[in-house]
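Biologist: Please take a close look at one part of this model for me. I would like to start with charged side chains.

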Amino acid sequence: INATIPFGLSTKYDQNWVGRYHAIESTIETANINTSLSYKLTQDLSIGAGLQAQYLKATLTKMVDVASHPLVGGTPGTLDALGKAKGDDWGYGYNLGLKYEVNDNLEVGVGYRSKIKHKLEGKTQIASSTLGYPSSDFNSSITTPETLMFGFKYDLTNKLLLVQDTSWTRWSRLKSLDINAIETPSLSESTELEWKDTWKYAIGLNYKVNNKWLLRSGLAYEEGAVDKKRNPRLPTGDKIWTGAGFEYAMNDKTRID
């Protein structure tokens, strides 16, 4: 059993910036709980499979020009209010893996993590100190993408391990981000994404301190998913990752990472 944060992104602007009617805060958070089992088919070949439970939470805000509302009138832009949509959902998927021991020093593997469909549900509303705008329940269909991974582990010495993985993520599944307000359709919102599939390349060094402790370090480069449509909500770009961690063997069967 393990817990990971597979996807996440957040942006936040000042409430008086020039693009405030498009976006203020955009936060998407996920958390995965993954249970897996593995089986050794031969002395060199092992397979694995698991189930994923993924929690996804999204918060989207922007300023709304309520001065142009027919109940108020006046000059557009003279009265702004904060529009906010917040929802969450649990989704479920699976993962598969295969590992082959080439020799005593080299292991190679491939893994697959499935897409997960979400239907977020929550509230959307406009907060105004002068008008009692209605709130509305909303739903939003989001599918987090599948990922295919390749990698190897090579023992440079008895204590130093070189690890590498390359992963492909199908971000092209995300065509748009839609907020479908149920009771008040005027509160609905749609953001075009049309992202592209991306690759991530990672390399790391692990150091065996002793039979109990393993220290980890790594560096990765990931392509940005934005293709032709860049927007202020999720203006992603290329990323460079750094990582550090450890593994502790409690006994022959249990390890903490």
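Which side chain meets that of Asp 257 in a salt bridge, and at what N to O distance?

Modeller: The partner is Arg 216, and the distance is 3.0 Å, N to O. A salt bridge here means a side-chain nitrogen of Lys or Arg within 4 Å of a carboxyl oxygen of Asp or Glu. This pair links distant parts of the chain, 41 residues apart. Asp 257 lies in the segment after β16 (255–256), while Arg 216 sits in strand β14 (residues 213–222). Strands are DSSP runs of E, at least two residues long, numbered from the N terminus.

First, some ground rules. This is a predicted model, in which local features need pLDDT of at least 70, side-chain atom pairs count only at pLDDT 80 or more, and totals for chains, interfaces and linings use all residues. Residues are numbered from 1 along each chain as its sequence is written, and side-chain values use heavy atoms, with hydrogens and water left out.

Back to the pair. Opposite charges can pair when their charged atoms come close. Asp 257 is exposed, at 63% relative accessibility. Arg 216 is partly exposed, at 30%. The cut-offs are under 20% relative accessible area for buried, over 50% for exposed, and partly exposed in between, using a 1.4 Å probe and protein chains only.

The pair does not stand alone. Arg 216, Glu 247, Arg 255 and Asp 257 are linked in a network of salt bridges. Glu 247 counts as buried, at 13% relative accessibility.

Now widen the view. The whole structure holds 11 salt bridges. One of them joins Lys 99 to Glu 107 at 3.8 Å, N to O. Lys 99 is partly exposed, with a relative accessible area of 33%.

Next, compare this with the nonpolar side. In soluble globular proteins, nonpolar side chains tend to be buried together. A nonpolar core is a set of buried Ala, Val, Leu, Ile, Met, Phe, Trp, Tyr and Cys residues joined through side-chain atoms within 4.5 Å. The largest core here has 18 residues. Trp 171, Leu 193 and Trp 195 touch the most other members. Strand β4 gives the largest share, 3 residues. Beyond its neighbours within four places in sequence, Trp 195 has contacts (heavy atoms within 4.5 Å) that include Trp 171, Leu 174 and Leu 234.

Conventions:
Helices (H or I, at least four residues) and strands (E, at least two) are DSSP runs, numbered from the N terminus.
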